Amino acid sequence: MSKVRVLVGTRKGAFVLTSDGKRERWDVSGPHFAGWEIYHVKGSPADPNRIYASQTSGWFGQIIQRSDDGGKTWIQPGTPPGEQKAAQQGPPKGESNKFVYNSSPENGGRPLTTHQWYDGTQHPWEFKRVWHLEPSLADPDTVYAGVEDAALFRSTNGGQNWEEIAGLRGHGTGPRWQPGAGGMCLHTIVLDPSNAKRMFIAISAAGSFRTDDGGKTWRPINRGLKSQYLPDPAAEIGHCVHRIAAHKSRPNVLFMQKHWDVMRSDDGGDSWREVSGNLPSDFGFVVDVHAHEPETIYVVPIKSDSEHFPPEGKLRVYRSRTGGNEWEALTKGLPQSDCYVNVLRDAMAIDSLDACGVYFGTTGGQVYASRDAGNNWAPIVRDLPAVYSVEVQTLP
Amino acid sequence: MIRVVLPPHLRTLAHVGMEVSIEVQGAITQRSILDALESCYPMLRGTIRDHDTQQRRPFLRFFACGEDWSLESPDHPLPQAIAQGSEPFLVIGAIAGG
């Protein structure tokens, strides 16, 4: 029988939730890395036992953790635990935490050392943390990292070493990128399963970008986005994109939850149109796609950018079966009064069982699951630290 | 041997207790102690000093013999009591956050 493994990153550690294919009873393990902020935990599609985690701290910086046994044990890649005294021998260790921007002209076209600060002045790029880890679809040792200040890194040796894909920062618009309230972070990485050289990424608050040549060159893909907080609402860059999702069978069709507006592209991001339709609020963070129905999508409306909680205190997932515009509220099992949590951008995931399971976590520490594609919901856990990210693995 | 006291999260990361003893070659300075510490416990690289710039992380401070050495030159010799191992070199995390 199939199993599912839900990987949860929280403000104070990581948790692994497992169940059989019925998804009725759950085992909870954790906290792993207790006390640390875990921005993201994600498994490799090529080897489900390989899981990467971003462990971070305002005190101690960035740590990359890796599990090779499905989350039971963890290592810092290239640095076995407990190693001591003999550390001088062999290749350098402790490099898995090293994220250094590459401003070499050979790698980015031209050196790039500053971006726009809140006050409009130029500000140096400063690495702060890894927001998102996206393992390769084919190779368990290859993984991408989206970081703050916004840049894209890649490791091809299981997280032991990281190299910036400098063409993104260097393509020309970088000096005009600016941080949002949460920092200037590259938080979304979507890999095209039909084309290994194509990748979509999103940055707050710069917008979305695409490469068609494996990361060498990039271009903004924000035509059709309108952001009223920009001097030119239809500017080429500067949009606060919160999340992009695509169905694996249709990588040209992208769905976006923007700061305000739910958007759709049918041409790989070349153009976007709004599909917010009858949502009670088109502000939000998450967006995801049904595992088997490419036109069925999910969002969680949030009241506004200054009131990060559900409208009317009712926690509702909205589902569209028409690829947007027409939305239905999914409420069974979710609190419909006095609920003032948020659902952050990486905190929704969908398994590939039939019917597919939908999972999301809240800043109140609940992880909700639906095992019937959203019709009914129940909490797996209620009292975790604030949930930053939720991913799910469907296991044989 | 030089004694170094680590904050709790770094003890967990390095799989050690509150205090470690390390061998340090040459002059006993903040830099030489931290270099030796990171050599013995490479999982700590980047956690006390920035991986790239080698600057002390802002929420950490270094104490020796009851005095804050955080703003001193990293190459300034530390007190004899540290060099002799009678007093530990302290890496202290700021009390902040939730």
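Author: Two residues are in contact if their C-beta atoms, placed from the backbone, lie within 7 Å. This is a predicted model, where local features need pLDDT of at least 70, side-chain atom pairs count only at pLDDT 80 or more, and totals for chains, interfaces and linings use all residues. Residues are numbered from 1 along each chain as its sequence is written, with chains lettered from A and ligands numbered from 1 in the order in which they are written.

Reader: How many residues of chain A are in contact with chain B?

Author: Take chain B's side of the contact to begin with. It has 20 residues. On chain A, the number is 21.

Reader: Which helix of chain B gives the most to the side that touches chain A?

Author: Helices are DSSP runs of H or I with at least four residues, and strands are runs of E with at least two, numbered from the N terminus. Helix 1 (8-14) and helix 2 (30-40) of chain B each give two or more residues to that side. The most, 3 residues, come from helix 2 of chain B.

Reader: How many residues on that side of chain B are charged?

Author: Asp, Glu, Lys and Arg count as charged; Ala, Val, Leu, Ile, Met, Phe, Trp, Tyr, Cys and Pro as nonpolar; the others, Gly among them, as polar. That side of chain B has 8 nonpolar and 8 polar residues. The charged ones number 4.

Reader: Which residue of strand 5 is the bridge partner of A:Lys42?

Author: Strand 4 and strand 5 (residues 51-57) of chain A are joined by 6 bridges. A:His40 stands opposite A:Ser54. For A:Lys42, the partner is A:Tyr52.

Reader: How many residues of strand 4 of chain A are buried?

Author: A residue is buried if 20 or more other C-beta atoms lie within 10 Å of its own, exposed if 12 or fewer, and partly exposed in between. Strand 4 of chain A is mostly covered. The buried count is 7 of 7.

Reader: What is the order of the open sheet of 4 strands in chain A?

Author: Its pairing is antiparallel. Strand 2 (residues 13-20) and strand 3 of chain A share 4 bridges, and A:Ala14 has A:His32 as its partner. The order is 3-2-1-29.

Definitions and conventions: Pairing = 2+ DSSP bridges.
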